[in-house]
Amino acid sequence: MIMRRWRGAVRADDADAYLAHQDDTGVREYRATPGNRGVFVLRRPLGNLVEVVTLSLWDSMDDVRRFAGEQPEVAVFYPGDDELLVEKDLHVDHWEVTGADLDLGPG
């Protein structure tokens, strides 16, 4: 299993709007991609911003590429992101998940 991690930040006043936008775009696309095993969106206050970290679980790097393309380390963005994101990582990290006993149900 592979974990994909991306990070960004929005103004506190835009946090709810961004999270709804992200759910309608990237999170929806993650879930619709074969091989996706789940998505977690984390948020926390960070000064006068809200940091957003998106973690997604995948069966394999081939499944990640099905979502992200042939350069899976490059972040995927959607129309409307630039209007809300104050900070955005252009790079995405991937880890192999080991030793976990996760039952996430069918893929």
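**Helix H1**

I began with the length of helix H1: at 1.5 Å a residue its 18 residues should span 26 Å, and the end C-alpha atoms are 24 Å apart, which agrees. The expected span here is 1.5 Å times one less than the number of residues in the helix. The model is predicted, so I note that local features need pLDDT of at least 70 and side-chain atom pairs count only at pLDDT 80 or more, while totals for chains, interfaces and linings use all residues. Residues are numbered from 1 along each chain as its sequence is written, and side-chain values use heavy atoms, with hydrogens and water left out. Helices (H or I, at least four residues) and strands (E, at least two) are DSSP runs numbered from the N terminus.

I then looked for a bend, taken as the angle between axes fitted to the seven residues ending at a position and the seven starting there. H1 bends by about 45° at Asp23.

Next I listed the buried residues of H1, where buried means under 20% relative accessible area, exposed over 50% and partly exposed in between (1.4 Å probe, protein chains only). They are Ala15, Tyr18, Leu19, His21, Gln22, Thr25, Gly26, Val27 and Tyr30. Contact means heavy atoms within 4.5 Å, and the cover over these buried residues includes strands S1, S2 (36-46), S3 and S4 (85-88) as well as helices H2 (61-68) and H3 (81-84).

From that list I picked Gln22, which lies in H1 and counts as buried at 7% relative accessibility. With neighbours within four places in sequence left aside, Gln22 is in contact with Trp6, Val27, Arg28, Val41, Val52 and Thr54.

**Nonpolar cores**

I used the core rule of buried Ala, Val, Leu, Ile, Met, Phe, Trp, Tyr and Cys residues joined through side-chain atoms within 4.5 Å. The largest nonpolar core has 11 residues, namely Trp6, Val10, Ala15, Tyr18, Leu19, Val50, Val52, Ala75, Leu84, Leu85 and Val92. Strand S1 (2-11), helix H1 (15-32) and strand S3 (49-58) are the elements that give two or more residues to this core, and H1 supplies the largest share, 3 residues. Apart from this core lies another, of 9 residues, among them Ile2, Val39, Phe67 and Tyr78.

Val53 has its place in strand S3 and is buried, with a relative accessible area of 12%. Val53 and Arg7 are 46 residues apart in sequence, yet their C-alpha atoms are 4.5 Å apart in space. Not counting residues up to four places away in sequence, Val53 touches Arg5, Trp6, Arg7, Phe40, Val41 and Leu42.

Leu55, also placed in S3, is buried with a relative accessible area of 17%. Its contacts, leaving aside neighbours within four places in sequence, are Met3, Arg4, Arg5, Gly38, Val39, Phe40 and Leu42. Against Glu83, 28 residues away in sequence, I noted a C-alpha to C-alpha distance of 22 Å for Leu55.

In helix H2 I looked up Val64, which counts as buried at 0% relative accessibility. Val64 is in contact with Ile2, Arg4, Trp58, Gly69, Pro72 and His94, when neighbours within four places in sequence are left aside. Val64 and Gly35 are 29 residues apart in sequence and 7.8 Å apart in space, C-alpha to C-alpha.

**Rings**

For aromatic pairs I took rings of Phe, Tyr and Trp (its six-membered ring) with centres within 6.5 Å, planes under 30 degrees apart being stacked, over 60 edge-to-face and the rest tilted. By this rule the count comes to 4 aromatic pairs. The rings of Tyr30 and Trp58 have centres 5.7 Å apart and planes at 75°, so this pair is edge-to-face. Tyr30 lies in helix H1 and Trp58 in strand S3, so the pair ties together parts that are 28 residues apart in sequence. Both Tyr30 and Trp58 are buried, and ring pairs link Tyr30, Trp58 and Phe67 into a cluster.

I also looked for a charge over a ring (NZ of Lys or CZ of Arg within 6 Å of the ring centre and within 35 degrees of the ring normal). The charged end of Lys88 sits over the ring of Phe77, 4.4 Å from its centre.

**After strand S5**

Last, I looked up Thr98, found in the segment after strand S5 (93-96), and Thr98 is exposed with a relative accessible area of 60%. The C-alpha atoms of Thr98 and Asp23, 75 residues apart along the chain, are separated by 28 Å.
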